[in-house]
Amino acid sequence: MKGAMFNIDNGYLEGLCRGFKTGILTQNDYLNLVQCETIEDLKLHLAGTDYGNFLANEPSPISVSTLDDKLREKVVAEFVHMRCHAVEPLSTFLDFITYSYMIDNIVLLITGALHQRPLQELLPKCHPLGSFEQMEAIHIATTPAELYNAVLVDTPLAPFFVDCISEADLDEMNVELIRNTLYKAYLEAFYDFCTQKLGGETAEVMCEILAFEADRRALIITINSFDTELTKEDRARLFPKCGKLYPDGLAALARADDYEQVRSVAEYYAEYQALFAGAGNNPEEKTLEDRFFEYEVKLNVNAFLRQFHYGVFYAYLKLKEQECRNIVWIAECVAQRHRAKIDNYIPIL
Amino acid sequence: MSLFRSEEMALCQLFLQSEAAYACVSELGELGLAQFRDLNPFVNAFQRKFVNEVRRCDEMERKLRYLEKEIKKDGIPMLDSGENVEAPQPREMIDLEATFEKLENELREVNQNAEALKRNYLELTELKHILRKTQVFFDEREIHDVDESLTANLIEDQYVGTQMMNLAAKQGHLGFVAGVILRERIPPFERMLWRACRGNVFLRQAEIDTPLEDPTTSDQVYKSVFIIFFQGDQLKIRVKKICEGFRATLYPCPETPNDRREMAVGVMTRIEDLNTVLSQTQDHRHRVLVAAAKSIKIWFTKVRKIKAIYHTLNLFNLDVTQKCLIAECWVPVSDLEAIHLALRRGTERSGSSVPPILNRMETREVPPTYFRLNKFTKGFQMLIDAYGVGTYREANPAPYAIITFPFLFAVMFGDFGHGLIMTLFALWMVMNEKPLIAKKSTSEIWNIFFGGRYIILLMGFFSMYTGLIYNDFFSKSLNLFGSQWFVPQKSMYIFKEKDVMLDPKNAYANSPYPIGLDPVWQVADNKINFLNAYKMKVSIIIGVCHMIFGVMMSLWNHMFFRKKINILCDFVPQIIFMTFIFFYLVLLVFHKWVAYYATGDDEGLGPHCAPSILITFINMVLFKNGEKIGECEPYMYGGQQGFQKFLVVIAVLCIPWMLAGKPYLIYKYRQLQHQQFTNVSTAGLTEESDQVQMANGAAAPSGDHEENEKMEDIVIHQAIHTIEYVLGCVSNTASYLRLWALSLAHAQLSEVLWGMVLRLGLQSGSWFGGVFLFMIFAAWACLTLAILVLMEGLSAFLHTLRLHWVEFQNKFYQGAGYPFSPFSFDTILETAQNVEE
């Protein structure tokens, strides 16, 4: 019954999404890709996959950035198609996904403006999913309050921004703070939306993923904040409070002074312990970041094991993004003839 | 060379000289009779030998697509002569590449120039509009300067605005910027200005009525002119930033009217100049494109052919010496000569001295299934292939389906009128075949109908025939030859009575109606009872004959593959089971029709003595004895009881025969072979046993896996097979009753439609009735078409398909083959064309 009701509005899109998901490159494809000698080889092989001839109209030689653009274009086209066909509450859910890209774009533009970069150079770097009308006028703002009043007040990000208005100036440090505060507010809002508005399977699947996202942010913020001017109180304020670390883990993280302490906090959580255990900076070990990515991929793949929920849309986009990163990584390695690290992509199982 | 079995295929090995390979493959592509096998399946696409050539072709195709896009953009017709150009020589590829390169560069350059010019033009036009529109704003200000007192009746914001302007003007440093912005961005722009400048600016805007062309995308866009007044430099920076953010283009606008006028004049002249330059550029572009449009289709064909050839060459193996390429391909045996000729032509063309070598190879692999089809047989073969492509060389049901398919359909769709409509539609499609094909419709539904036009045509013909037999014409009977029934003279009381009973003893002319059902049944009360009995029996007769035919086909298959054991243990018991029980039933039906007659009461053969076939049949299977009712004998002929018992016993004995015979014989045979082998090997005569095995292998290529099958597997398969057949005989016979059911439903439906709809129109009188009939007829005609012809036709079609796929084909058809897909330029070009569209 639940399935029938779900399918009235979302059956088509879920089917579509699952169909797209089967087009994700397999391990076999990756094995072939890493054997490529040139980008042209890469193109030839990708033409045999679900990507089809998406590069067919590009004059050779193809640069990695064109490849990146085209890959992204394809994902975005798929996502936009789904967004256009979505109805409430799925449409809001999909909008929520785009907010994270908006945050990234805003921060990108502000940082660019701080470094006196021209707008025309920055705009192509913005993620198309996160573009909004007022985005380009963002560089008129010199203080966060101005940013809020002039630019963001009309965007869906406005409620997330309330916490940042107090910041005095837009310098590099503050931009980072704004980014993290926005992200924290965004994650918490998304989490609430999933649990309170949607509930059911969607909440179960999405909570898992979002909780991990929140914890990852908390851990990484902590690790990156060592040896910076960030005070511990400020740091604690940036932790998203919807993860599994909340409240005890976050409190412990707020007190942490070095990497080892962070690691000991993670020891208390089975999932994260495993991630920290295998991570390191030695050449044969994987970096913590990669371990996080791997775990994220696992969660996203698991989302497809259940049916009748919205998590698949989120998971699909994230998986596809990971795939784009992988392809670009391989392409970079191929282009720079730097094959030693070519196997460091994150396999999508 | 026939449709009855698929073509005999041979796996051939080709040794081609490196230089001649290209030309030879090209010739084979024109011929389209060889299916190449991939000899390096484990090599990546980008690691193959001719990958560079493929890539060059891709690049050429990309350039051609670019050209084509530009040509389409300008709406220049592309010449499609439809002529078949040969694949060019490899050395021509360089010329082609150079040509395309030149064209592409030229076009890109022209486009760049055009874009720059257009941008320039756009800027000038925008400036023109700004000057024109702002003039109005400034005029307003001057008017207000003059009669400031009259502003009370103006709209408020204008009032405030002018007030502010005046104020600023008096203070002497009122700044303004003027520009153009996309119309849909005006509201957020205005809002942002208000917020960012805290309401200290004044914006006026006016729409530009004509759409402007965006030079990069060449879309038509609507824009608006705006002018912003503000005070001070701080605000100026801010306003400019916002303008930049919203991609508004700002233009310098002189303050004094005279300067503005001067500037406007200058702009106008520059626009004039630009127009001439622009039209010259466009002309040049047009010339280039027209020249390209003439041959672009041919180029496409050429490039696609080259690409296909290199793709095929990539499937080949390289000889150790690198001097020649080795290919393996499936070819029809009867076309070997043509292949030889093509190869020779290819060698000659390439100027190579060494002739290519074509070797027939012995193989145990199953060859592909290939039928030579024409446009008529194609449709029927597709129906069969949709179920499963035939196993190599097994009997093909398609040639029989040509007749049985439309016939079974027509049994269910028997109505002369509906059949006529169907025939006419199909006839129209067949007559206009060529223009309709040329149209290349993309509508899926239409293509289905069109693809099956010959099937529909035959279905229509047969429906007309069965319609005659059922004597149904839009549910009414035709009295073509005069009914053979009459109302006897002595029963003239018909005028008093409502109903009259026609007894065949005295109301029948004793010679049947020449064709089909006597029209008198149309008015009879017991029409349905009569038709039911008739149609039910007919469907059983047709069904049993159809199935027996299927079993006979299996005999033909076994004989062809020389499987004696299958004939002995499958076919013989099967046919006995079928004929002894079900064909006997059919014989009983005929016997009953012939033996009993209306005036046969005295001999015990009168109508009320005719036994029910169904009861007789049930009693036969259950070994029950019939009882004498009155003076009527329960049996139809002497010795029936004993004979029936004999039949049933034999038929039942066939079941264990089918079940155990084959496994037992195989078991025996294997034991024997084993013994022989041990004997022979001890005697040191291994050669002979090899030969025996070889002979076995050659005789039964598809029996290959059967020989290695485990004993228990064979037993289980045989058990399943037997159960399926025995139960199938019963259920399939019952399944053929759908012929009766659907035909009844069709007849009833059309009768209801006549009775409930058209009769209304026929009943009303006077002139009004005519008008009413006119409308009612439309409704009736539409419903007839939509429900009776289309929907009922579809349902009858599906049931016919099922009867063929399940009831008929499971008696003999394996359908486990794979289709022959030769390397052919025609198909490659066609698919490329379809993808493009």
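A salt bridge is taken here as a side-chain nitrogen of Lys or Arg lying within 4 Å of a carboxyl oxygen of Asp or Glu. By that rule the side chains of B:Arg453 and B:Glu433 meet in a salt bridge, with 2.8 Å from N to O. The two partners come from distant parts of the chain, B:Arg453 from helix 14 (residues 453-470) of chain B and B:Glu433 from helix 12 (residues 433-439) of chain B, and they stand 20 residues apart. Both B:Arg453 and B:Glu433 are buried. The structure described is a predicted model, and the values below should be read with that in mind.

**Confidence of the model**

The predictor assigns the complex an ipTM of 0.76 and a pTM of 0.76. For chain B the mean pLDDT is 84, and 91% of its residues reach 70 or more.

**The interface of chain B and chain A**

The size of an interface is often given as the accessible area lost when the parts come together. Between chain B and chain A about 2300 Å² is buried, 48% of it on carbon and sulfur atoms, and the contact draws 23 residues from chain B and 27 residues from chain A. The count of salt bridges between chain B and chain A is 1; it is formed by B:Arg55 with A:Asp41, whose closest N and O atoms are 2.4 Å apart. On the side of chain B that touches chain A, helix 2 (51-74), helix 5 (186-196) and helix 6 (233-245) of chain B each supply at least two residues. Helix 2 of chain B gives the most to this side, with 6 residues. By class, the residues of the side of chain B that touches chain A divide into 8 nonpolar, 3 polar and 12 charged. Across the same interface of chain B and chain A, 1 residue pair is found in polar contact, with both residues at pLDDT 80 or more.

**Salt bridges**

Over all chains, a search of the whole structure finds 47 salt bridges. The table gives some of them, including the pair across the interface.

| Pair | N to O distance |
|---|---|
| B:Arg55 and A:Asp41 | 2.4 Å |
| B:Arg453 and B:Glu433 | 2.8 Å |
| B:Lys63 and B:Glu101 | 2.9 Å |
| B:Glu115 and B:Arg119 | 3.8 Å |

The salt bridge of B:Lys63 with B:Glu101 also links distant parts of the chain, for B:Lys63 lies in helix 2 of chain B and B:Glu101 in helix 3 (residues 92-146) of chain B, 38 residues apart.

B:Glu115 counts as partly exposed at 27% relative accessibility, and B:Arg119 counts as partly exposed at 37%.

**Individual residues**

B:Arg260 is found in helix 7 (residues 257-314) of chain B, and at 2% relative accessibility it counts as buried. Leaving aside neighbours within four places in sequence, B:Arg260 is in contact with B:Leu131, B:Thr134, B:Gln135, B:Phe138, B:Cys253, B:Pro254 and B:Glu255.

B:Lys537 is found in helix 16 (residues 527-560) of chain B. Because buried means under 20% relative accessible area, B:Lys537 with its 19% counts as buried. Its contacts, again leaving aside neighbours within four places in sequence, are with B:Val589, B:Lys592 and B:Trp593.

In chain A, A:Pro159 is found in helix 8 (residues 158-161) and counts as exposed, at 57% relative accessibility. The C-alpha atoms of A:Pro159 and A:Ile342, which are 183 residues apart along the chain, are separated by 42 Å.

Technical notes
Residues numbered from 1 in each chain as written. Chains lettered and ligands numbered in written order. Heavy atoms only, no water. Contact = heavy atoms within 4.5 Å. Buried area = accessible area lost by both parts, 1.4 Å probe. Polar contact = N/O pair within 3.5 Å; in protein donor to acceptor, adjacent residues only side chain to side chain. Helix = DSSP H or I, 4+ residues; strand = E, 2+ residues; numbered from the N terminus. Nonpolar A, V, L, I, M, F, W, Y, C, P; charged D, E, K, R; others polar. pLDDT = per-residue confidence, 0-100. Buried < 20%, exposed > 50% of the residue type's maximum accessible area, 1.4 Å probe, protein only.
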